Amino acid sequence: VCSSDLLAAFGLHEWAARVAPAIGFALAVASPFWLLWRWTGERLARVAVLALLAQPLMLVAGQYANLDMLVAGLITLTVVLLAHAALLIDAGAQGARTALRLAWAAAALAVLAKGLIGFVLPAGIIGAWLIVSGRWRVLMRMFTTAPEAPALFFLIAAPWFALMERIHPGFLDYFFVDQHFRRFSVGGFNNPQPVWFYPAVLVLFFLPWLVWIGRRVALWRMPGGRERDLVLLAWVWVAVVVVFFSIPRSKLLGYVLPAVPALALLAGAGLLARGEPGAGSRRLWQGVAAFGIAASFAAIVIIARHPTPSSRDLSLWMGSQLRAGDAVFMINRFDFDAGLYARLREPMRVVEHWDDEALMRSRDNWRKELFDARRFSPDQGARTLITPERLTATDRKSTRLNSSHANISYA
């Protein structure tokens, strides 16, 4: 919703497509900093955010024009607001009602960004944290402190889903049943990975920080206080995200992004676990942070200098070669970014065996996504999804993308 609205408002520009992940990145960094600063002081907030800003998984993901970073930022914001409300209730302080309203609003935006994980993950994290810490009464009071907050959630999230169901009958079944429950519980979707995939990914990316994270494993050695509460929250946060996304067979790297701020919090708390760090510890910490930032920017530069063939070729060629009335065909392939870089005002026509339902449902890929989309817009599907038999001699004189050599040809 966010990306399409931004493109509609600002035009087919790359920077417009990147606004959504930039917002998510900003939320994922700023909200944990604020929570730590509010409840533990500036020192822990600074070192934890430095560890977060030096994390390649976070910095590189913030450059991708998809919704993973946006939903991760909104989930982080929701967890932070719920944790803040819980701590206010526990302390008998004012402001919990406002924090809960904002949390439910943030959760609604997260659901609009990428579905039910925007609500399920924050609820699971905060619920498990309060139960593990023995604060089940605080959990109960969170339901009574702002009883109107769930209504705010539905006022924000429900209208879009209702509108989509009205425009495209069957959308709710496809979105919730097929893309949520079936994707979570049934195999056959994209990128199947073993159950240890996400723990391995996080260990790999946080390898230089593990020595500090390990210092905060022994919670019983920490004195009571708000820092201990937030360290426990961070451990529960990581565990809930990793366990939740490890259950389905389909695993993508971006899914685990909501766990990254919590691990950065643990790294920062580990640095300060023994009081003020010495000069050697500070230099090592700064060196690890510098390495992470340098590695992140190196990866970003490499990706920018070596884009996919469609990104490079279409951006250089399409704009100058297309004439009014030309049609763009993709044969046995579909590049999602082609229309953006080529500034196309009309959908591309994709040539494939669309009448072969077994092929369309054999794998969770671009073919299946376009095939499924056709049921919600059959008229447009008939115009844009072309079988080889329908590719007439006239069509063959139009602009096309040659799939066998992955280059662009013009006739």
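**Helix packing explained**

Guide: In this predicted model, helix 3 (residues 19-39) packs with helix 14 (residues 226-246) at an angle of about 150 degrees, their axes lying 9 Å apart.

Visitor: Why is helix 3 called roughly antiparallel to helix 14?

Guide: Angles over 145 degrees count as roughly antiparallel. The angle here is about 150 degrees, and that makes helix 3 roughly antiparallel to helix 14. The crossing of helix 3 with helix 14 is right-handed.

Visitor: Which residues of helix 3 and helix 14 meet?

Guide: Leu 35, Leu 36 and Trp 39 of helix 3 meet Arg 226, Leu 230 and Leu 233 of helix 14. The residues of this contact comprise 5 nonpolar, no polar and 1 charged.

Visitor: Why are helix 14 and helix 15 called oblique to each other?

Guide: Helix 14 packs with helix 15 (residues 260-271) at an angle of about 140 degrees, with axes 8 Å apart. Roughly antiparallel requires over 145 degrees, and roughly perpendicular ends at 115. Helix 14 and helix 15 are therefore oblique. Their crossing is left-handed.

Visitor: What makes up the contact of helix 14 with helix 15?

Guide: Helix 14 contributes residues including Leu 230, Trp 235 and Trp 237, while among those of helix 15 are Pro 261, Leu 265 and Ala 269. The residues of this contact divide into 12 nonpolar, no polar and 1 charged.

Visitor: What makes a residue of the chain count as buried, and what percentage of the residues do so?

Guide: A residue is buried if its relative accessible area is under 20%. Of the 411 residues of the chain, 46% count as buried.

Conventions
Residues numbered from 1 in each chain as written. Predicted model: local features only at pLDDT ≥ 70, side-chain atom pairs only at ≥ 80, totals over all residues. Heavy atoms only, no water. Axes fitted to C-alpha atoms, helices over the stretch in contact; angles between N-to-C directions. Helix = DSSP H or I, 4+ residues; strand = E, 2+ residues; numbered from the N terminus. Parallel < 35°, antiparallel > 145°, perpendicular 65-115°, else oblique. Left-handed = near helix turned anticlockwise from the far one by under 90°. Contact = heavy atoms within 4.5 Å. Nonpolar A, V, L, I, M, F, W, Y, C, P; charged D, E, K, R; others polar. Buried < 20%, exposed > 50% of the residue type's maximum accessible area, 1.4 Å probe, protein only.
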